[in-house]
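Dear colleague,

A summary of the findings comes after it.

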Amino acid sequence: MNTQAANKRIRLIMHLRQRGITDTGVLSAMERVPREAFVPAHLTDQAWEDMALPIGLGQTISQPLVVATMSQALELSDRDKVLEIGTGCGYQTAILAYLSRRVYTIERHKALLEEAEERLHSLKVRNFTALAADGMMGWPVINGIHQAPFDKIIVTAAARDKPPSALYNQLKVGGVMVIPVGEPGEQMLRRYKKETEDSTVIRDIMPVRFVPLLPHVTDSANDMKAVV
Ligand code: SAH
């Protein structure tokens, strides 16, 4: 890495600290995962700016502050089994993989998922399993194997008014889910802590802008345009 590239990384990390990211694990994951590998070639110059960027197919890579804030709110440990809904380009997946035992990630758009998997493999990220499916249904039983319940669940597309119940049911007691909730233009990032089987502590984190959660698997680029 040249000096200029290293300086850009350090500037972003200092900015994240000023904006309330204090978890040293999260800061080091944000410093080490090469965000430029997740953005189109003509945008690599802006990869270390604190901005969401377009990644094609009408989708965006989330803003670094939002990725860091969501990761911090999950209070990850290297023993955690994490479920992620909305793989997108795989950037958040790479950060989660750095901070947890294993990440199970679901994306509804097959082409995006395949690209993300290739990118993560080329970056030598190995502790993840990816699936094309509707994440609102949670992780399915595959060949008789149950992966649920999960220690942590993160959703990077917005729910209308509350977490999908099939998904929330896959959270362990004591586990944490982070998810944007609300209509476009008034979404709030929320943290749900499952204290017991029937009590939840909910905290608002910050206003955010995410694409909505949509049903069904797709491999159509037109469908993606409808998502934005
Ligand atoms: N996590 C990404 C950003 C994801 S953008 C990052 O690190 O930058 C949101 C993604 O959620 C899109 O790719 C969209 O296709 C996906 N998505 C929307 N609804 C979904 C659903 N029901 N199941 C799985 N993925 C979904």
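The model is predicted: local features need pLDDT of at least 70, side-chain atom pairs count only at pLDDT 80 or more, and totals for chains, interfaces and linings use all residues. Residues are numbered from 1 along each chain as its sequence is written, and side-chain values use heavy atoms, with hydrogens and water left out.

Around the ligand there are 27 residues, of which Gln-92, Glu-107, Asp-134, Gly-135 and Leu-214 come nearest (a residue is near if one of its heavy atoms lies within 4 Å). By class, this shell holds 14 nonpolar, 9 polar and 4 charged residues (Ala, Val, Leu, Ile, Met, Phe, Trp, Tyr, Cys and Pro count as nonpolar, Asp, Glu, Lys and Arg as charged, and the others, Gly among them, as polar).

In the side chain of Gln-59, an N or O atom is 3.4 Å from a ligand oxygen. The protein covers 99% of the 580 Å² of accessible area that the ligand has on its own (Shrake-Rupley method, 1.4 Å probe).

Gln-187 lies in strand S8, residues 187-196 (strands are DSSP runs of E, at least two residues, numbered from the N terminus). A polar atom of the Gln-187 side chain lies 2.7 Å from the backbone nitrogen of Phe-210.

With kind regards

Technical notes
Polar contact = N/O pair within 3.5 Å; in protein donor to acceptor, adjacent residues only side chain to side chain. Helix = DSSP H or I, 4+ residues; strand = E, 2+ residues; numbered from the N terminus.
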